[in-house]
Amino acid sequence: MRIAVVNNEKGSSVTIRNRFLTAIEGTEVVYDEKNPDMIVSIGGDGTLLEAFHRYVDRLDKVRFIGIHTGHLGFYTDWQVEELEDFIPFLLNDSGESISYPLLEVRLAHEDGKVEKMIALNEATIRRIEGTMTGEVFIKEDKFELFKGDGLCISTPTGSTGLNKSLGGAVVHPRLDTLQMTEIASLNNRVYRTLSSPLLIAGDEWFHVRLDDAYLEGVMMTLDHLNFSLKGVRDIEFRLAKERVHFARYRHMHFWNRVETAFIGWKE
Ligand code: NAP
């Protein structure tokens, strides 16, 4: 097995990284940052997002696994104090994995070029200078005229992130769906939006056509990344053909994870 480690710079993550690399010395697991088939993320869910984007071009070849240096995360199955339990699983790996849906974003540039990118949690489009205006289509059909701060389109695993803070539903990651939530929509006699989170079927997609008059200053976030959408008018959001694969050595019940993260009555 060829392995790469991505960790955040917190003291405990660096210590765990060193302990982990020492533990795999002399085993059949080799360290290979360029062509790994397993990525070990040490830190939080944010670190896993960073690892995901670093290896986004190898999604069909890699599995991810997360060791959390804080509380248990949504993408991190193992806690720091479980490192010694985790290593034998890794050394005896026989390809156990679970996969989750991803979001593909297609940006249509003015020069006709279509740029594709992938998100693990969500993508948002937002306008910083004033409100954002655009038509929202579901597949080819116009659905609504949106005016407001922005829109968030999330994956099932991303549904517990920003989506949840925007009032979106928590979605089981076995469902192949995307969810759109609004960021401060303006509703009056001219502009009318659904004003509630919306989940589409796996073979449907969202298309946003930004209004010419409001093109300047629109930003896109893709998980923890952000950039300007200068020169882009049409944006499509669909389920990606690619999926993300996680090494899964023990079953973690999704709703237990949600309870632990957000309710915590069992503690
Ligand atoms: P950040 O401030 O580094 O992280 C925000 C928090 O979101 C962290 O506590 C992170 O967990 C947690 N998180 C990340 N993915 C999650 C998921 N799928 N489910 C539940 N919690 C999750 O934010 P950032 O670097 O700008 O953006 C990274 C992600 O954080 C975004 O993709 C977005 O989903 C989320 N976020 C949420 C809000 C909000 O709820 N208002 C705002 C900004 C970003 P760890 O501590 O384990 O890393």
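Visitor: In which helix is G46 found?

Guide: This is a predicted model, in which local features need pLDDT of at least 70 and side-chain atom pairs count only at pLDDT 80 or more, while totals for chains, interfaces and linings use all residues. Residues are numbered from 1 along each chain as its sequence is written, and side-chain values use heavy atoms, with hydrogens and water left out. Helices (H or I, at least four residues) and strands (E, at least two) are DSSP runs numbered from the N terminus, and the one in which G46 is found is helix α2.

Visitor: Why does G46 count as partly exposed?

Guide: A residue is called buried under 20% relative accessible area, exposed over 50%, and partly exposed in between, using a 1.4 Å probe and protein chains only. G46 counts as partly exposed because its relative accessibility is 43%.

Visitor: Which residue does UniProt list for "active site"?

Guide: UniProt positions are given here in the numbering used for this chain, with shortened feature names, and such annotations may be inferred rather than shown by experiment. The entry is an unreviewed one, and the residue that it lists for "active site" is D45.

Visitor: Which residues is D45 in contact with, leaving aside its neighbours within four places in sequence?

Guide: D45 is found in helix α2, which covers residues 45-54, and with a relative accessible area of 21% this residue is partly exposed. Contact means heavy atoms within 4.5 Å. Once its neighbours within four places in sequence are left aside, D45 is in contact with H68, G73, F74, Y75 and T76.

Visitor: How far apart in space are the residues listed for "binding site", up to what distance between C-alpha atoms?

Guide: Under "binding site", the unreviewed UniProt entry lists D45, G46, N121, E122, K147, D149 and A184.

Visitor: Which residues does D149 contact, leaving aside its neighbours within four places in sequence?

Guide: D149, which UniProt lists for "binding site" in its unreviewed entry, is found in strand β10, residues 141-154. Its relative accessible area is 36%, so D149 is partly exposed. Beyond its neighbours within four places in sequence, D149 is in contact with I125, R126, R127, T131, M132, I183 and A184.

Visitor: What is the phi value of A184?

Guide: A184 has its place in strand β11, residues 178-185. Its phi is a positive value in a residue other than glycine, near 50 degrees.

Visitor: And what is the phi value of K139?

Guide: K139 is found in the loop between β9 (132-138) and β10, and this residue is partly exposed, with a relative accessible area of 32%. For K139, too, phi is positive in a residue other than glycine, with a value near 55 degrees.

Visitor: Is S159 buried or exposed?

Guide: S159 lies in the loop between β10 and α4 (162-165). Leaving out residues up to four places away in sequence, S159 touches S154, K164, A169, V170, V171 and Q179. With a relative accessibility of 0%, S159 counts as buried.

Visitor: How far apart in space are G158 and H207, C-alpha to C-alpha?

Guide: G158 lies in the loop between β10 and α4, and at 0% relative accessibility this residue counts as buried. Along the sequence, G158 and H207 are 49 residues apart, whereas in space their separation, C-alpha to C-alpha, is 19 Å.

Visitor: How many residues does the contact take from domain 2?

Guide: The chain is divided into domain 1 (2-96 + 248-263) and domain 2 (101-242), with bounds that come from an automatic or database domain assignment. The C-alpha centres of the two domains lie 30 Å apart. The contact takes 13 residues from domain 1, and from domain 2 it takes 18 residues.

Visitor: What volume does the largest pocket have?

Guide: On a 1 Å grid over the protein atoms alone, a cavity is a set of points where a 1.4 Å probe fits but cannot get out, while a pocket is an open set with protein on both sides within 12 Å along at least five of seven lines, and lining residues have an atom within 4 Å of a point. Grid points are joined across faces, edges and corners, and a volume is the space filled by probe spheres set on the points. For the largest pocket, the volume is about 240 Å³.

Visitor: Which element gives the most to the lining of the largest pocket?

Guide: The largest pocket is lined by 16 residues, and Y100, H172, P173, M252 and F254 are the ones that lie nearest its centre. Domain 1 and domain 2 each supply at least three residues of this lining. At least two lining residues come from each of β6 (97-109) and α5 (254-262), and the element that gives the most, with three residues, is α5.
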